[in-house]
Amino acid sequence: MADHRPCTARGETPLQRADRNFGELLQELRVTQTGVQILFAFLLSLAFTPRFPDLDTVQRATYVSTLLLAVLAAVLFTAPAALHRSLFQQGAKAHIVRVSSRLATAGMGVLVFAFTGAVLLVVDVTTGRAGGLAAGATTLLLCLGLWGLLPRLVRRRTAAGNASEEPAGDADGPRGAAGAPDAAAGALGGTAGGPYAGAGRASGASRSTGPRRLPEPRRRNPARTAPSTRRR
């Protein structure tokens, strides 16, 4: 029964939240898998080009390392689908989401070095060793900055914005709740800031100090109210 109670601000149950998170993860994997597929196809076709036998030892090592990194990234990105298929209808959707997220994160880290190696190899062959190293270093810094540093900056700014908004909301609530009775009392002239504060307190004190006496009934004249007994 605990899996069917809302647990988030969206009113989702834990199972609904796991389904949504897994769907979002699959959308992200579709984007990254496209880049991996293009890179892997390029590296496979590169070995059958006429110029490939002219590569030196460093270039061949770079090619082999980049090819293996691309294969590893492709395996990591396709592992969530295989994991979900193997544990289908086993009641392990939350565990599948957590493990798949870690696999996708590892795949992004491997893909950084695969992109770096591919750029290094191509620029090295076309322009020279110095140009290849510079292009590879630039690619590495761009990937680390956009994929690693930028999310941390956004997370820090989001946390700072939430922290600055929460105290203001908490302070306004109690002041508003406590100020409503004071405002009502001020309208009646009973608060300390009102112009008739003293009169209001004095009148309230005089009304509440002593017991209130009821007016005594008026006594009637018995001579007027008694029936006449005189005989005519």
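Modeller: Start with Asp19, which pairs with Lys93 in a salt bridge, their closest N and O atoms sitting 2.7 Å apart. By salt bridge I mean a side-chain nitrogen of Lys or Arg within 4 Å of a carboxyl oxygen of Asp or Glu. Asp19 belongs to helix α1 (residues 14–46) and Lys93 to helix α3, so this pair ties together parts 74 residues apart in sequence. Helices here are DSSP runs of H or I, at least four residues long, and strands are runs of E, at least two, numbered from the N terminus. Asp19 is partly exposed, at 37% relative accessible area; buried would be under 20%, exposed over 50%, and partly exposed is in between, using a 1.4 Å probe and protein chains only.

A quick word on the source: this is a predicted model, where local features need pLDDT of at least 70, side-chain atom pairs count only at pLDDT 80 or more, and totals for chains, interfaces and linings use all residues. Residues are numbered from 1 along each chain as its sequence is written, and side-chain values use heavy atoms, with hydrogens and water left out.

Now to Arg129, whose side chain meets that of Asp56 in a salt bridge at 2.8 Å, N to O. Arg129 lies in helix α4 and Asp56 in the loop between α1 and α2, so that pair links parts 73 residues apart in sequence. Arg129 is partly exposed at 34%, and Asp56 is partly exposed at 32%. Arg129 also forms a salt bridge with Asp124, again with closest N and O atoms 2.8 Å apart, but Asp124 is buried, at 8%. Shared partners join Asp56, Asp124 and Arg129 into one network.
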